[in-house]
Amino acid sequence: ITGTRTLDLPLAASAVRPTPEQLQAQLEIIADDWSDIAGVMVYDLATGKELASIHKGTVFSAASTIKVAIMLNAYAHLDTISSKLDAAMKKMIINSDNIAANTVLAASVEGAGTEDALKGAEQMSAMMKGLGLENTYLYVPFEATDYLAQKKLKFQLGPKRAGEAPYTDSGRALRTAPGEMATIYLYIDQCSKGEGPLIEKFPKLNAKRCGEMLDRLFENADRSRMRSGLDKSVRVEHKSGWIDDMQADAGIVRSPGGDFVIATYLYRATKPGVPLADKVFAPYLGAFTRLVYTYYNPVPIAPK
C-alpha cells in the first residue's frame with residue numbers, strides 16, 4: 001500500500017537525486033490516498049529552506065506534539081534543569097506523560113501545581129507567538145479543565161477558526177500547524193549549531209543545551225508512527241501525538257544523503273468518544289517519512 005511508496009530511480013541514474021517537484025507530486029499522491037485532511041511540512045536542514053508541503057498552514061490539534069515546545073520553553077527560561085525536572089522531561093518526551101508535561105510547565109515559571117502549570121502554558125504560548133508561530137499554543141494544561149472550572153480560573157482560547165483552509169475540528173486551547181511545528185525543529189537544530197533565532201532571542205540557550213534537547217527527542221519510545229517508515233539504524237529526533245480523530249508526528253531525520261525536518265498531521269472526523277485505531281494512521285505517517293527519506297537516499301532499481 002501507500003506505506004511502502006518510495007522515489008525510485010533507474011539503475012543508471014542511481015546517483016541522481018529526484019527533484020523537489022517530483023517529491024511534491026508523490027507526497028500529494030499519499031495525501032490523496034488518505035482521503036481526508038493531511039498536513040505535511042518538510043524542511044531541508046542543509047539550506048534551512050522548505051522542500052515540500054501540503055496544507056502547511058492548516059491548524060490541527062497539537063496533541064502531544066506540543067511537548068517539544070514545552071521542553072523548549074523550559075530551557076529558554078531556566079538556567080539549569082534540576083534532577084526532578086530532568087525526570088519529568090524524560091517521562092514527557094519518552095512516554096508522552098501528560099502529568100509530567102504539566103510539571104515541566106509549572107517548573108518553567110519556577111512553580112509547582114496546576115495553577116503554575118497554567119502560567120507556564122501561557123508563557124510557552126507567548127514564546128511561540130514571539131517566534132512568529134501564531135497558531136501554536138497550549139492555553140490549558142493537560143487534564144486540567146475540571147480543576148480550572150472548579151477554581152473558577154480564567155484561561156485563554158484561540159479563535160473559533162484559525163489558520164488556512166481546509167479546516168479541522170482542532171479545539172481552541174491546544175493547536176499547531178505543520179509549518180509551525182516543523183519550524184520549531186528547524187530552530188532547535190540551528191540553535192544546536194550556535195545560530196538562528198533561538199540563540200538571538202534567548203540568552204539562556206546555547207548550542208550545548210539545544211543539542212541536549214535533540215538527544216532527549218532521540219530517546220522517544222514511539223516507534224509506530226513516523227519511525228515505522230525507517231530502518232532502526234536511522235537517527236530520528238521526534239515527538240508524536242494522538243487524539244480520537246487526529247494523529248501526528250514531527251521531528252528531524254538524520255540520513256546518509258541529508259538531514260530533514262518533517263511534520264505530518266492527519267485528521268479524519270469520527271463520532272465523539274470513538275477513537276480511530278492507530279492502524280488507521282500509522283501506515284501513512286510512516287509512508288510520508290519514508291518517501292522523504294528516499295528523496296535524500298534514492299533506491300536504485302534495475303530497468304525492466
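**Salt bridges and a helix pair**

Me: Which does R216 count as, buried or exposed?

Reply: R216 has a relative accessibility of 11%. Buried means under 20% relative accessible area, exposed over 50%, and partly exposed in between, for a 1.4 Å probe and protein chains only. R216 therefore counts as buried.

Me: At what pLDDT do side-chain atom pairs count?

Reply: Residues are numbered from 1 along each chain as its sequence is written, and side-chain values use heavy atoms, with hydrogens and water left out. This is a predicted model, in which totals for chains, interfaces and linings use all residues, local features need pLDDT of at least 70, and side-chain atom pairs count only at pLDDT 80 or more.

Me: Which residue meets R216 in a salt bridge?

Reply: A salt bridge is a side-chain nitrogen of Lys or Arg within 4 Å of a carboxyl oxygen of Asp or Glu, and R216 takes part in one at 3.7 Å, N to O. The partner is partly exposed, with a relative accessible area of 31%, and it is E212.

Me: How many residues apart are R225 and D278?

Reply: R225 forms a salt bridge with D278, with the closest N and O atoms 3.3 Å apart. R225 lies in the loop between α9 and β7 (235-243), and D278 in helix α10 (residues 278-296), so that the pair links distant parts of the chain. R225 is buried at 4%, whereas D278 is partly exposed at 40%.

Me: What is the orientation of α4 and α5 to each other?

Reply: The axes of α4 (residues 98-108) and α5 (residues 114-130) come within 7 Å and cross at roughly 75 degrees; axes are lines fitted to C-alpha atoms, for helices over the stretch in contact, and angles run from 0 to 180 degrees between N-to-C directions. Angles under 35 degrees count as roughly parallel, over 145 as roughly antiparallel, 65 to 115 as roughly perpendicular, and the rest as oblique. The orientation of α4 and α5 is therefore roughly perpendicular.

Technical notes. Helix = DSSP H or I, 4+ residues; strand = E, 2+ residues; numbered from the N terminus.
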